[in-house]
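Q: Got a model open here and want a quick tour. Can you walk me through it?
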Amino acid sequence: MGVSDRDREGVEWGGFFAALFGGAIVVAVVAAMVWFVMIGPMVDAFRYTPPSSGQGHYDPPDPTPDLSDEYPDRYDDHDMPATWVCSYDPTMNNDWHDDVLCTDGVSRDRPYLLPDDSFVTDDELMREAARYEDYLNS
């Protein structure tokens with residue numbers, strides 16, 4: 001039992017494609033090395049870089065101008081009472097009683113709601129949070 005000519009042709013073609021693929025890999029690696037070593041720095045040399053300082057430097061205008069001098073009464077925060085807002089803010093302590101956070105924009109308060117109940121729904125918790133919010137704003 002010998003090897004037929006047909007089987008030998010398949011082996012020869014398999015070796016040919018393996019050599020072709022290996023050659024393509026070598027060419028790709030060499031091309032990448034040439035790009036990063038020689039061509040890449042030349043391309044970077046022609047890119048525009050803005051000047052670091054001095055002539056030609058542009059500072060864009062401030063997008064939020066300070067209007068406190070023009071309208072001093074409008075920006076006095078101490079004249080307006082702070083409004084408390086309570087929202088659902090779960091903690092990772094496995095205790096749902098303190099999963100509500102109330103804030104007035106400056107201060108924060110995390111109340112311990114419904115301490116006598118062992119189980120409540122989200123609706124009950126938020127209803128109690130709304131009552132606590134009303135208490136803070138009164």
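Q: What joins β2 to strand β3, and how do they run?
A: Two bridges join them, and the strands run antiparallel. Strand β3 covers residues 108–109. Keep in mind that this is a predicted model.

Q: What sits between β2 and β3?
A: Four residues, which makes the pair a hairpin. G105 is in the turn, with a positive phi of about 100°.

Q: And β1, how does that strand pair with β2?
A: Antiparallel, over four bridges. Strand β1 spans residues 85–88 and strand β2 spans residues 100–103.

Q: Which residue of β2 does C86 stand opposite?
A: C102. On the β3 side, C102 stands opposite D109.

Q: What is the strand order in the sheet?
A: β1-β2-β3, in an open sheet of three strands with antiparallel pairing.

Q: Which are the edge strands?
A: β1 and β3. Each of these two pairs on one side only.

Q: What holds strands of a sheet together in general?
A: Strands pair through backbone hydrogen bonds, either parallel or antiparallel.

Q: Switching to rings. How many aromatic pairs does the structure hold?
A: One. The pair is formed by Y132 and Y135.

Q: What is the geometry of that aromatic pair?
A: Tilted. Y132 and Y135 are 5.9 Å apart centre to centre, with 40° between the planes.

Q: Why call it tilted?
A: Because planes under 30 degrees apart count as stacked and over 60 as edge-to-face, with the rest as tilted. The 40° here falls in the rest.

Q: How far apart are Y132 and Y135 along helix α2?
A: They are three residues apart, so about one helical turn separates them. Helix α2 runs over residues 122–137.

Q: Is Y132 buried, partly exposed or exposed?
A: Partly exposed, because its relative accessible area is 21%, and buried means under 20%. Y135 counts as exposed, at 57% relative accessibility.

Q: New topic: which residues form the nonpolar patch on the surface?
A: V26, V30, V34, W35, F36, V37, M38 and I39. Together they have about 780 Å² of accessible area.

Q: Where does I39 lie?
A: In helix α1, which covers residues 5–45.

Q: How does I39 count by accessibility?
A: Partly exposed, at 33% relative accessibility. Patch residues need over 30%, so I39 passes that cut-off.

Definitions and conventions
Residues numbered from 1 in each chain as written. Predicted model: local features only at pLDDT ≥ 70, side-chain atom pairs only at ≥ 80, totals over all residues. Heavy atoms only, no water. Patch = residues over 30% accessible without salt bridge, like charges linked within 9 Å, V, L, I, M, F, W, Y side chains within 5 Å. Areas by Shrake-Rupley, 256 points an atom, 1.4 Å probe, with all protein chains shown as cover. Salt bridge = Lys/Arg side-chain N within 4 Å of Asp/Glu carboxyl O. Buried < 20%, exposed > 50% of the residue type's maximum accessible area, 1.4 Å probe, protein only. Phe/Tyr/Trp six-rings, centres within 6.5 Å; stacked < 30°, edge-to-face > 60°. Pairing = 2+ DSSP bridges.
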